[in-house]
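Subject: Structure for you, with notes

Hello,

Here is the structure I said I would pass on. My notes on the ligand site and on some helix contacts follow below it.

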Amino acid sequence: MTRVRRRVGAALAVTALLAVSACSGGSGSTAQKGNAKDVEVFTWWAAGGEKAGLDGMISVFKKDCSQYSFVNAAVAGGGGDKAKTLLSDNLAAGNAPSSFQAHAGGELGDYIASGQVEDITSMFKDAGLDKAFPKDLIDQVTVAGKIYSVPADIHRANVVWVNPTVLKKARLDPKKAPATVKDWIGDLEKLKASGVAFPLVMSKGFAEVMLLESTLLGDLGVEKFNGLFDGSTKWDGADVRAALTDFKTLLSFANTDRETMDWDAAMSKYLMPADPTKATAGYQLMGDWVPAQLLSLKVPDSAYTYWPAPGTDGVYQWLSDSFTLPKGGTNAEGAKCWLKVVGSAEGQKAFNMVKGSIPARSDATPAGYPAYQQSAMAQWKTAKLAPSLAHGSAGPGAWNNDAQTAMSAFTANPDVTTLQRTLVAAAAKYSGWRKTLG
Ligand code: GAL
């Protein structure tokens, strides 16, 4: 874990001086209702594989914290788009839940900077969690020596999920990842020529930022990509422009209704429909909550393949869901019991086995995990690391919001010059965020 520590920590630590995200969150119901035993936990894990993961953790909570009642305040919406807006409103109104989900890194920094979460250092140490996680992951939830959340998992963002049956139409090998973004574009062209109208599945919001990020990562390489988030790589360079042009080309192969649906609906409509013979797309770039979703839909492992986004082999674009103790939240003692479950070996196993992610704890072993997580655990040990803007590890939520707004504008007017200008302006506002590390 020394290597993990060095890799994660050097690149990304939480700053206490970030501007408050316009998109922080809050629970829908809270302090004034329920009873004193309620522990209200706010997430965006409302359905499918995400709910299955949360349910796994809840089962351990019911056993270890039986003096309390779990109240599930999940709000549906991939990447937490609706949840974070609602959470923000509720926190501002003094209506905090007992605990809420926040990504380690810049997104958690938003809540810390705005004074909305408690320092949990003593609870963290009393539960032995300071020895349970890679030090550099702990750095992502620490500001000025104080710890603010408990990591539940590590997810990987830069993965492409593949429908082998569709790829066969163009005689493409579903197990062979295109080496570069340009090679992938070549394969998309072949699929299109074989009669597949929209070979690439896309969905709204965070999924568009994910495709943008993975194209930048694939074209620029990991060092330059990481530099985009600390100011050492310029967003106005010719290399970024070339990547944005590739991004535009990739989008030209995507379903045109992408702005109307979330990632899971798009997956079920185009890539993995209930009737497998009705699949109409070959690829979807999405984080590794996908195998959990497919498991929940009873799609067999043999029905799909996956590989790192083209040009990103050997790089783990990571994100980590973590849980907080909000200031003024209901039932702080019950919330601490929940946080201990989140950080425990048993809680992490019950959660990650069915969530597609891997445990954040250093002592987890692959035995018993599905094949996908076993391969992810192996790669996590050796891969180079890159953070994700779409999922809060690379920067503050407001930067992600600006990127998502740029994505919608690009759908309406796919002009690379305008897109680059917008991204340059966003970076000018936020890329200094790491310099004020606590
Ligand atoms: C991410 C989150 C994942 C998964 C995903 C899709 O932001 O970290 O756990 O929930 O959104 O909703």
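A polar side-chain atom of tryptophan 44 sits 3.2 Å from an oxygen atom of the ligand. Please keep in mind that this is a predicted model. The side chain of histidine 103 has an N or O atom 2.7 Å from an oxygen atom of the ligand. With glycine 79 the polar atom belongs to the backbone, and the distance to a ligand oxygen atom is 2.9 Å.

Next, the helix packing. Helix H2 covers residues 48-64 and helix H14 covers residues 332-343; their axes come within 9 Å and cross at roughly 120°. An angle between 115 and 145 degrees is neither roughly perpendicular nor roughly antiparallel, so H2 is oblique to H14. The crossing of H2 with H14 is right-handed. On the H2 side the contact consists of Leu54, Met57, Val60, Phe61 and Asp64, and on the H14 side of Gly334, Cys337, Trp338, Val341 and Val342. Sorted by class, eight of these residues are nonpolar, one is polar and one is charged.

H14 also packs against helix H15 (residues 345-352), with the axes 5 Å apart and an angle of about 70°. The two helices are therefore roughly perpendicular to each other. Val341, Val342 and Gly343 of H14 touch Ala345, Gly347 and Gln348 of H15. This contact has three nonpolar and three polar residues, and no charged ones.

The last pair is helix H9 (residues 206-220) and helix H11 (residues 238-251), whose axes come within 9 Å and cross at roughly 130°. That angle makes H9 oblique to H11. H9 and H11 cross in a right-handed sense. From H9, the residues in contact are Glu208, Leu211, Leu212, Thr215, Leu216, Asp219 and Leu220. They meet Asp239, Val240, Ala242, Ala243, Leu244, Asp246, Phe247, Leu250 and Leu251 of H11. By class, the contact of H9 with H11 holds 11 nonpolar residues, one polar residue and four charged residues.

Regards

Note on methods
Residues are numbered from 1 along each chain as its sequence is written. This is a predicted model: local features need pLDDT of at least 70, side-chain atom pairs count only at pLDDT 80 or more; totals for chains, interfaces and linings use all residues. Side-chain values use heavy atoms; hydrogens and water are left out. Axes are lines fitted to C-alpha atoms, for helices over the stretch in contact, and angles run from 0 to 180 degrees between N-to-C directions. Helices (H or I, at least four residues) and strands (E, at least two) are DSSP runs, numbered from the N terminus. Angles under 35 degrees count as roughly parallel, over 145 as roughly antiparallel, 65 to 115 as roughly perpendicular and the rest as oblique. A crossing is left-handed if the near helix is turned anticlockwise from the far one by less than a right angle, and right-handed if clockwise. Contact means heavy atoms within 4.5 Å. Ala, Val, Leu, Ile, Met, Phe, Trp, Tyr, Cys and Pro count as nonpolar, Asp, Glu, Lys and Arg as charged, and the others, Gly among them, as polar. A polar contact is a pair of N or O atoms within 3.5 Å; within protein, one must be able to donate a hydrogen and the other to accept it, and residues adjacent in sequence count only if both atoms are side-chain atoms.
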